[in-house]
Amino acid sequence: MVAALAKPVFDPNQTINLGGPVFAEHKYDWYRWMLEEAPLCRGKISIIKLNMVARYEDCRMVLTDDRFVRNRGRARGKSNASPVPFPLPKSVSALARSMILEDNPEHRRLRNLVNKAFTPRAVERLSKRVEELSHELLDGIERQGRVDLLEAYARPVPTRVIAEMVGLSKEDVNQFKNSMRVLTEGMTGLALLQTLAWDLRRTGKFIRRLIAKKRGDPGDDILSALIDAEEEGDRLSEDELVAMVFLLIVGGFETTLHLITNGIRTLLEHPGQLERLRGNPDLWESAVEEIIRHRGPVHGTKLQYATEDVTLHGRTIKRGTPVMPLLAAANHDPRAFENPDDFDIARAPNRHLGFGLGMHFCLGAQLARMETRIALKNLVERNPNLRLAVAPSELELVSMAGWHRHASLPAVLG
Ligand code: HEM
């Protein structure tokens, strides 16, 4: 049962708590207001204060203009500063030095090396496994009738895909599942302290062991290809490999899980569109794009820092201060999309920002599209009477800054 929450207050001078339950529940009302009344406004995530831009063109600008960088030290003229605004224990700092927090030339170097491993062939090879896996899972849960599709279906698909991607053996899988749970549930509030003190260290050790094993016994998986990746005599160092594997796990798992969950809910709330899709399977690809635009899981990018004062809509983003482009708000900007609040599985063009933009554009976009399309298509084709087991207003959204995620998705199969 979802508790009644306070209503949002629309005041351009307030600091909006992006991690609070009121924001989680009313995000799209806030976005609508920001797009019209407060295109540059202030927010906070825990103790970090930030600027936020909502409009499509402003998000594009912040993600592609040289006046904004990822490394906060660089924005203040320091070189080689820590990418996070708080001190980290040495044993875990390698995990934080990943390319998503780097600027060029470091970013280009790391991205070129990982591109070598992340080939269309590697994604194609995984698609056969996703098909098998999705049918295997559906065989198991269809007998149960009512299930939580988030736990029983949307979670295991990407967990097992990542396990295959990094070539985990059967014994590794259980430990890997624990690491995933800790990393994804332990990133807020007090749990963050425990995460930093203990769990990240354990995960770092686990990844290092995995790399050592792969070095001795390489396979036809992306981790083996990453270890081998070489460009002009350059390779990933041990610490860079650890950071890259960590980024692939964190970047590829929760995102896909919640895209599948959001997709199921969205389709069930638009029965006309779902019928249209059942009669026109060719529309699946554009339907997945529209789900990402309409109810994508990632609502903001990592912070960008201004290297100089930048004035926008009569307000100034001060040098050295962070800005978050609100991708999900931009995806509902009427200046960029006709009838932006409509869910239209055949929308074209659909240049959404759900996978980000510019040099940090999602590395796993093709993989995520493929996983989501197969998982949703098999679910709805095999279950013509699929429905939510509770009223949509009963579904609980998780309060987590930058995300749109459900706590569970009870549904009845059949
Ligand atoms: C529904 C699924 C997904 C969504 C919505 C999504 C979204 C995003 C977004 C918005 C960014 C840009 C973040 C930023 O600029 O700060 C990004 C970057 C990234 N994503 Fe994804 N992602 C998804 C799936 C995946 C998968 C499956 C993988 C890999 C297995 C992956 C790996 C990455 C990596 C490595 C980056 C950083 C790229 C860079 O810094 O150059 N993502 N993703």
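Tutor: Happy to. Two strands pair if DSSP finds at least two bridges between them. The strands themselves are DSSP runs of E at least two residues long, while helices are runs of H or I of at least four, and both are numbered from the N terminus. This is a predicted model, in which local features need pLDDT of at least 70 and side-chain atom pairs count only at pLDDT 80 or more, while totals for chains, interfaces and linings use all residues. Residues are numbered from 1 along each chain as its sequence is written.

Let's take the open sheet of six strands, whose order is 1-2-3-9-6-4 with mixed pairing. At its edges stand strand 1 (15–17) and strand 4 (68–69); each has a single partner strand, so one side of each lacks a neighbour in the sheet.

Strand 4 pairs with strand 6 (residues 304–306) in the antiparallel sense, over two bridges. There, Val-69 has Tyr-305 of strand 6 as its bridge partner. Helix 2 (residues 56–64) packs on this sheet and touches strand 3 (48–53), strand 4, strand 6 and strand 9 (322–325). Touching here means contact, that is, C-beta atoms, placed from the backbone, that lie within 7 Å. The direction of helix 2 makes about 130° with that of strand 9. For such angles, axes are lines fitted to C-alpha atoms, for helices over the stretch in contact, and the angle between N-to-C directions runs from 0 to 180 degrees.

The next step in the order takes us from strand 6 to strand 9. These two run antiparallel and are joined by two bridges. Tyr-305 turns up again here, standing opposite Pro-322 in strand 9.

What covers the story of strand 9 well is its pair of faces. Pro-322 and Met-324 on one side are buried, and so are Val-323 and Pro-325 on the other, which leaves both faces of the strand covered. A residue is called buried if 20 or more other C-beta atoms lie within 10 Å of its own, exposed if 12 or fewer do, and partly exposed in between, again with C-beta atoms placed from the backbone.

Arg-42 is bridged to Asn-51 in strand 3. Strands 2 and 3 form a hairpin with two residues between the strands, and Ser-46 in that hairpin takes a positive phi near 55°.

Now for what lies elsewhere. A second open sheet has three strands in the order 5-11-10, with antiparallel pairing. Its edge strands, each pairing on one side only, are strand 5 (146–148) and strand 10 (387–388). Strand 10 and strand 11 (residues 410–412) run antiparallel and are joined by two bridges, with Leu-388 having Ala-411 of strand 11 as its bridge partner.

Among the helices, helix 8 (residues 156–165) is mostly covered, with eight of its ten residues buried. Val-157, Pro-158, Thr-159, Arg-160 and Met-165 are among them. After helix 8 comes Gly-167, with a positive phi near 65°.

Helix 14 (residues 284–295) packs against helix 16 at an angle of about 110°, and their axes are 10 Å apart. That makes the two helices roughly perpendicular, a term for angles of 65 to 115 degrees; under 35 is roughly parallel, over 145 roughly antiparallel, and the rest oblique. Trp-284, Glu-285 and Val-288 from helix 14 meet Arg-369, Thr-372, Arg-373 and Lys-377 from helix 16.

Met-370 also belongs to helix 16. Met-370 counts as buried because it has 21 C-beta neighbours inside 10 Å. Leaving aside residues up to four places away in sequence, Met-370 touches Val-123, Ser-127 and Val-130. Met-370 and Val-250 are 120 residues apart along the chain, and their C-alpha atoms are separated by 18 Å.

Technical notes. Contact = placed C-beta atoms within 7 Å.
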